[in-house]
Amino acid sequence: MPEECIFCRIVAGQIPADILYQDDGFLAFRDISPQAPTHVLVIPKTHIASSADLTDDHVELAGRLIIIARNLAEKEAIAESGYRLVINCRSDGGQQVPHLHLHLIGGRQLSGRLG
Ligand code: 5GP
Ligand code: ZN
């Protein structure tokens, strides 16, 4: 685990987080700076820097990431009204934390713009 990675430190319990879900491989917690009433980050516990670092070995992991977000949307009662799933990748994608994470954002009407 990279010592300096904020999300690895959350996985290790070294930094507190409002955790909504966890299993052997994944963790989901509320974003510290929410952009909407529901703003949750879903991460693999293993350190993968970005979506650009995924390989064919991660097919199951990438699928689980989305299914966990989908299940949390149900729990947060935003599945029916809708939501957005976002993965920012590297510099041009605006990725700030270099540990792969899926944003689950909803609970209000989101802008139609993508960037
Ligand atoms: P990115 O811009 O990399 O896609 O998103 C990183 C997200 O992580 C941002 O929305 C930011 O608010 C959130 N974040 C950064 N540091 C922390 C932290 O220490 N705890 C939590 N819960 N969220 C964080
Ligand atoms: Zn990490």
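Me: Which side chain does Arg70 meet in a salt bridge?
Reply: Arg70 meets Glu74, at 3.6 Å from N to O. Bear in mind that this is a predicted model.

Me: Where do Arg70 and Glu74 sit, and how are they spaced?
Reply: Both are in helix α2, four residues apart, so about one helical turn separates them.

Me: How many salt bridges does the count come to?
Reply: The count comes to five. In general, side chains of opposite charge can pair when their charged atoms come close.

Me: What does Asp23 pair with?
Reply: Asp23 forms a salt bridge with Arg64, with N and O 3.4 Å apart. Asp23 lies in the loop between β1 (19-22) and β2, while Arg64 lies in helix α2 (residues 59-75), so the pair ties together parts that are 41 residues apart in sequence.

Me: And how accessible are they?
Reply: Asp23 is partly exposed at 22% relative accessibility. Arg64 is partly exposed as well, with a relative accessible area of 28%.

Me: What about Asp53, which residue is its salt bridge partner?
Reply: The partner is Arg90, and the closest N and O atoms are 3.3 Å apart. Asp53 is in the loop between β3 (38-44) and α2, and Arg90 is in the loop between β4 and β5, so this pair ties together parts that are 37 residues apart in sequence. Asp53 is partly exposed, with a relative accessible area of 31%. Arg90 is partly exposed too, at 47%.

Me: What is the phi of Ala77, then?
Reply: Ala77 has a positive phi of about 60 degrees, and it is not a glycine either. Ala77 is in the loop between α2 and β4.

Me: Is Ala77 buried or exposed?
Reply: Ala77 is exposed, with a relative accessible area of 65%.

Me: OK, metal next. What coordinates the zinc ion (ligand 2)?
Reply: The donors are Cys5 (SG), Cys8 (SG), His47 (ND1) and His99 (ND1), at 2.0 to 2.3 Å.

Me: Why is the arrangement around the zinc ion (ligand 2) called tetrahedral?
Reply: The four donor atoms subtend angles of 106 to 116 degrees, which makes the arrangement tetrahedral. The cut-off is that all angles lie between 85 and 135 degrees.

Me: What spacing do the donors follow along the chain?
Reply: The spacing is C-x2-C-x38-H-x51-H. Cys5 lies in the segment before α1 and His99 in the loop between β4 and β5 (102-106), so the pair ties together parts that are 94 residues apart in sequence.

Me: Are Cys5 and His99 buried or exposed?
Reply: Cys5 counts as buried at 7% relative accessibility. His99 is at 0% and counts as buried.

Me: Changing topic: how many aromatic pairs does the structure hold?
Reply: The structure holds one aromatic pair. The ring centres of Phe7 and Phe29 are 5.3 Å apart and the planes are at 75 degrees, so the pair is edge-to-face. Phe7 lies in helix α1 (residues 6-11) and Phe29 in strand β2 (residues 26-30), so the pair ties together parts that are 22 residues apart in sequence.

Me: Buried or exposed, those two?
Reply: Phe7 and Phe29 are both buried.

Me: Last one, the surface. Which residues make the nonpolar patch?
Reply: Ile66, Tyr83 and Leu85 make a nonpolar surface patch of about 230 Å². Tyr83 is in strand β4 (residues 83-86). At 30% relative accessibility, Tyr83 counts as partly exposed.

Terms used:
Residues numbered from 1 in each chain as written. Chains lettered and ligands numbered in written order. Predicted model: local features only at pLDDT ≥ 70, side-chain atom pairs only at ≥ 80, totals over all residues. Heavy atoms only, no water. Patch = residues over 30% accessible without salt bridge, like charges linked within 9 Å, V, L, I, M, F, W, Y side chains within 5 Å. Areas by Shrake-Rupley, 256 points an atom, 1.4 Å probe, with all protein chains shown as cover. Salt bridge = Lys/Arg side-chain N within 4 Å of Asp/Glu carboxyl O. Helix = DSSP H or I, 4+ residues; strand = E, 2+ residues; numbered from the N terminus. Buried < 20%, exposed > 50% of the residue type's maximum accessible area, 1.4 Å probe, protein only. Phe/Tyr/Trp six-rings, centres within 6.5 Å; stacked < 30°, edge-to-face > 60°. Donors = N, O, S within 2.8 Å, 3.2 Å for Na, K, Ca; no water. Tetrahedral: all angles 85-135°; square planar, octahedral: opposite > 155°, others 65-115°.
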